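Student: Please show me the structure, and then we can go through some questions about it.

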Amino acid sequence: MFYWILLFGFITQSIATKFGIPFLFLDPEYMGYVGQRAFFMMGVCLGSFVMAFNISSFILNSFRFPFLATLSRTFQKYTHNNFIIPTIFIIIYVYKIFNFQYYSQLKDINEILLNIGVFLAGFFIVIVLTLRYFMITNKDIYKLFGVEHADDDQTSPIAPYMGNVGKNSWRVDTYLIFPWKVKIVRDTRHYQKYMLERVFRQNHLNAAVIEIVVFVTFITLGLFRDYNFIRLPAGGSILLLFTMLIMLSGVLRYWLRAWANTALIFLFIGLNFLSQFESFNPRNQAYGLNYAKNTIKYDRETLEAQVTNGHYEKDVAHTIQILNNWKANWVKRGVEKPKMVLLNVSGGGLRSCVFTFRTLQLIDSTFNGDLMHLTSFITGSSGGMISAVYYRELFLSHHDSLMRANQNIDNRYLLNTGKDLLNSIVFSATVADLFMNMQQFKDGKYHYVKDRAYAFEQQLSENTGHVLDKRLGDYYEPEFNAEIPMMVISPTIINDGRALHISAQPVSYLSHIPDSGNTGFNEIANSVDFQLFFASADAPNLKITSALRMNSAFPYIMPAISLPSEPAMEVMDAGIRDNYGVTNSLQFLYTFREWIVANTSGVVFLQIRDTHKKNKVENNSVKTITEKLMAPMRNVSGNFLIMQDYTFDRELQFAQSWFKGPLKFVTFQMPETQEHVSLSWHLTEKEKKLLKSASENKENKQALEELKSALKTEINNPLIVSKHQ
């Protein structure tokens, strides 16, 4: 019943709405499209779940209804009489699909009815085929012993209160004959007990065959999950997982009966013990790194040895050369002291991906393609960084087509940022990650395990036309020559809360500020320079998609990434520490403040965020005992991002006191709307349309005018020297 409660919560948008889980059922996507194939697959998956529910229930509870063994087509009658919950669910589900597709997706009624039709077709195909299998293979009491069925024998007495005498039997007075004929239960005490048990055992054996088929299908899907046509809609994968779990738990409870709960406890303890071994529970890894020898010690001594004035000065000098190259490009254009843009983008799944990319396009089309030339430093979190990296790569390798695309709101690059990433993650988690996953793949000379993280990277690469199939080291020269801005990706190290700075350039200065005097201040390194720390693990070979995955590893949806150190450095989403990249940008500004003041006409802090920055006081008063218990965690998690805003606002205000040049803050942000856009790796078509147009609302148009005013000198100097022209 727990599975049904979850499913009812999903389709009625009562559970996990914030993360978009209900949309996986109401707007399923298969191979990049919401249509007949997706709904047919959902129907097949739901039919499989309903039959798993009936089979498992039959195996566990048939002994409570001994009269069933005396009827013809025992399992079919049990299923028919077990119709109430599945039927109510189907009715509500179809109603919710119609409402969502018509009012939220604005689909044509004929298209909606066709989708519902193929959904029901897929559902009933599974039901009919399964019942047909039992009709052919099951043997009833007549076939086994030649005894007349109780539903045919009208002379047998009516049972008084119980189907049979026994403490485990439940009172049944009537039952349904297909479709709606009601029959009275007949007394079965004149049947031999072994006859009834033999009928049930034979039915259970055939049910077990179905469970074996489901399990084999489950494993087969996992083995061939790299093929697009194998990947079910994410909602279907959830149904498939529930199907598997309900069958496994049913078998376990059938064989162990009263010992089932004890066995489950010991099974959990055993699995928990085995999970500490790498062979049983392989850690998720970053692709491109060398894990053959975990010789890098992650301890205080190693960090202190790397956070030194020597590394600091060397890396500062290196970055100043990059800044000189950046300035030289502007001097050639006649701008002696250009404005410098520091770009910060927020996390937020595909919601942030689409909004960030469209905002970048809007700004760049206004600035004649000069946004990347104006920008010296990019950082941020999660979905926003995926779009920033994607945009920067397109600027570098597909410049002309990107500039043309920027003029059209329905361009293919923007459409790519909104493509589904969740189906692959959920499907892989369902068919592989929850069981012993031994499949591997080769990346260069290294081998890694295929899991949902691998599925995420493969899907991201496919969605973006494989332009992100690059290594960290591939960006060293373009960044050094100031052809594109420097970029720092900073996931959170969950071992100790530090940031991990992943960049093609040496950036140890983001981890260290030299003591300007003998103050006795005892600094703790608050971050780690990835290139420096993992130099012996082939750090430049890290795949860019792996760096983005580390930056976007939302808890539970994606696994934490283990890096080759001892103990293993575990990293997750950058938003845990800084959802907007403000800390990195301020550290960059502080480190190079003297150079910036001497060589630029000021700095523009450009922030693109997928949530509206607001000062909102909500009524979170607690009334019930349950609310009092939930309030501390609810309020902390619910205000997590706004607490970051409080801190960053104060830091940005302080920056105005120590930075001696002009400082301008420009923010593009998602408008507050009645329609909530889910924080997910899957978006509905309506959400995509809303996100694409959000950059051009009144507030963001004003921000664009402010940005144009701040950068008017640079805009008015046409590009003279550039490899892209």
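**Cysteines, a helix pair and a threonine**

Tutor: Cys-353 is buried, at 3% relative accessibility; buried means under 20% relative accessible area, exposed over 50% and partly exposed in between, with a 1.4 Å probe and protein chains only. This is a predicted model, in which local features need pLDDT of at least 70, side-chain atom pairs count only at pLDDT 80 or more, and totals for chains, interfaces and linings use all residues. Residues are numbered from 1 along each chain as its sequence is written, and side-chain values use heavy atoms, leaving out hydrogens and water.

Student: How many disulfides does the structure hold?

Tutor: A disulfide is a pair of cysteine sulfur atoms within 2.5 Å. The number of disulfides in the structure is zero.

Student: Is H5 roughly parallel or roughly antiparallel to H6?

Tutor: Helices are DSSP runs (H or I, at least four residues), numbered from the N terminus. H5 (residues 84–104) and H6 (residues 109–137) pack with axes 10 Å apart, at an angle of about 150°; axes are lines fitted to C-alpha atoms over the stretch in contact, and angles run from 0 to 180 degrees between N-to-C directions. Angles under 35 degrees count as roughly parallel, over 145 as roughly antiparallel, 65 to 115 as roughly perpendicular and the rest as oblique. Therefore H5 and H6 are roughly antiparallel.

Student: Is Thr-545 buried or exposed?

Tutor: Thr-545 lies in helix H22 (residues 544–551). Leaving aside residues up to four places away in sequence, Thr-545 touches Glu-457, Leu-460 and Leu-468, where contact means heavy atoms within 4.5 Å. Its relative accessible area is 1%, so Thr-545 is buried.

Terms used:
Helices (H or I, at least four residues) and strands (E, at least two) are DSSP runs, numbered from the N terminus.
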